[in-house]
Amino acid sequence: MKLPKFLSGNTVLKITSLNAVVITIRLVVSVFIQRLLAITVGEAGIASIGQVRNVMVMLTSTSTMGIFSGVVKYVAEYKEDKPELAKLFSTATIFVIIGSVVSSLILFIGSSYFSNYLFKSDDFVYVFKLLAVIVPFIAVSRTINGIVSGLSEYKKYAKIELISYLLATVAILIGLYTSKLEGVIIAIAIAPMIQLVVLGFVFGKTLREYMSFKSLKFNLIYKNKLLAFTLMSFVSAFLLNYIEINIRTTVADEININEAGYWTAITFISKNYMVFATGLFTLYVIPKFANIHNEKDFKNEVFSIYKTILPIFGLGMLLVYLFRNLIIEIIYPDFTGMEPLFKWQLLGDFIRLCALVLAHQFLAKRLVKSFVVTEIISLVLFFVLTKIFIQYYGTEGVVMAHLVRFIIYFAIVIFVIRLYYSNKQSKPS
């Protein structure tokens, strides 16, 4: 039986549906793992794991010098032009080498400082020395993921994500039962190595078709183009995760470590359902927007995406809110202090999703100034509002700041995109 035309011809729905299968499996596994972690390491352990995960995200940016979205954009544009791709990969390779070496040296030399800054002790120095060794694997894995996304290989992307996640989960289980919190942190640190192996098995043949090591000239033809994405990644990935680390530390210091664990738990739940959108952004939105050149087509595409995903996400978030107490009981037993955080986090995430669809135009069109200005405004709002609200509302103030931040951010993004097309129309063709 053939699918209705709406389903068979809707790429957004295809990617969303495929992601739904993968992420549903991930969610089931994640519920089991998070429950084990909550019972075994408690609120303080969850907070420490949150610190490590933030560091890992920062490393995906610094180790590649933030070129992921640039790789996605230009692979999408030149996937039929092998000579142009060779130039792109040559420049990307140099960026990855520089980013990896610098990140590794900083981690290794500053391991004691980072351990004390994040965990208030020298007990985790070995983690940062281990990460210094693993950084090149993080960089290569992230870059290849950019190629997969640029080619819109969403079936292979889904397979890679699922297999990598399941293997990383096994590593976490082994770490938890052998060394508890320390073992879990080590398992999180080696996850990029696992993903790289999976990438090689699933995507190796396709990668060889598009990337020939013999054609790499180690030139910097794409230097200026990719440096723009370096700046954007520094703002969006590095600074955001630095601020999250700072906020978690503030909550732990000004309230208590358990409250920091509650906020980490709610953000973990948020990141799990927001993963549904992440694959859509990298596999569909950036490549699609990169090839749209007028306001009418852009608006049509945005409304098409909204019509497809917002009802699905809205219903999902409503169910999460209605069953929040059951979710806490199942995933985080005794974390009852996180219940008031749900409404603000969910509302903020829905507005965030609406805004992010539009904001990916900045990445697709390499609108560096627009991206950097809007992101910095967003991050400053989050940081400042959190510092203010936490004095009056405690941990709940952090998620209230999250909502207010994205309401303002959404309005600013709409204004900036309208200004972009207005200026484009006023210029002589």
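How many helices and how many strands does the protein have? Then take me into the largest nonpolar core.

Author: This is a predicted model. The protein has 14 helices and zero strands. Along the sequence, the pattern reads α-α-α-α-α-α-α-α-α-α-α-α-α-α.

Start with burial. The protein has 429 residues, and 56% of them count as buried. Now the contacts. Take those with a separation of 6 or more: 83% of them join residues 24 or more positions apart.

Next, the core itself. The largest nonpolar core holds 136 residues. Leu131, Phe289, Tyr332, Phe335 and Met338 have the most contacts inside it. Helix H7, residues 154-210, gives the most to this core, with 19 residues.

Look at Phe335, one of those with the most contacts inside the core. Set aside its neighbours within four places in sequence. Phe335 is then in contact with Ala38, Gly42, Glu43 and Ile46, and also with Gly261, Tyr262, Ala265 and Ile328.

Leu131 is another of the residues with the most contacts in the core. Its number falls in helix H6, residues 125-150. H6 has 26 residues. From first C-alpha to last, H6 reaches 37 Å, close to the 38 Å expected at 1.5 Å a residue. H6 also bends, by about 45° at Ile134. A proline, Pro136, follows within four residues.

Notes. Residues numbered from 1 in each chain as written. Predicted model: local features only at pLDDT ≥ 70, side-chain atom pairs only at ≥ 80, totals over all residues. Heavy atoms only, no water. Helix = DSSP H or I, 4+ residues; strand = E, 2+ residues; numbered from the N terminus. Buried < 20%, exposed > 50% of the residue type's maximum accessible area, 1.4 Å probe, protein only. Contact = heavy atoms within 4.5 Å. Core = buried A, V, L, I, M, F, W, Y, C linked by side-chain atoms within 4.5 Å. Expected span 1.5 Å × (residues − 1). Bend = angle between axes of the 7 residues up to and from the residue.
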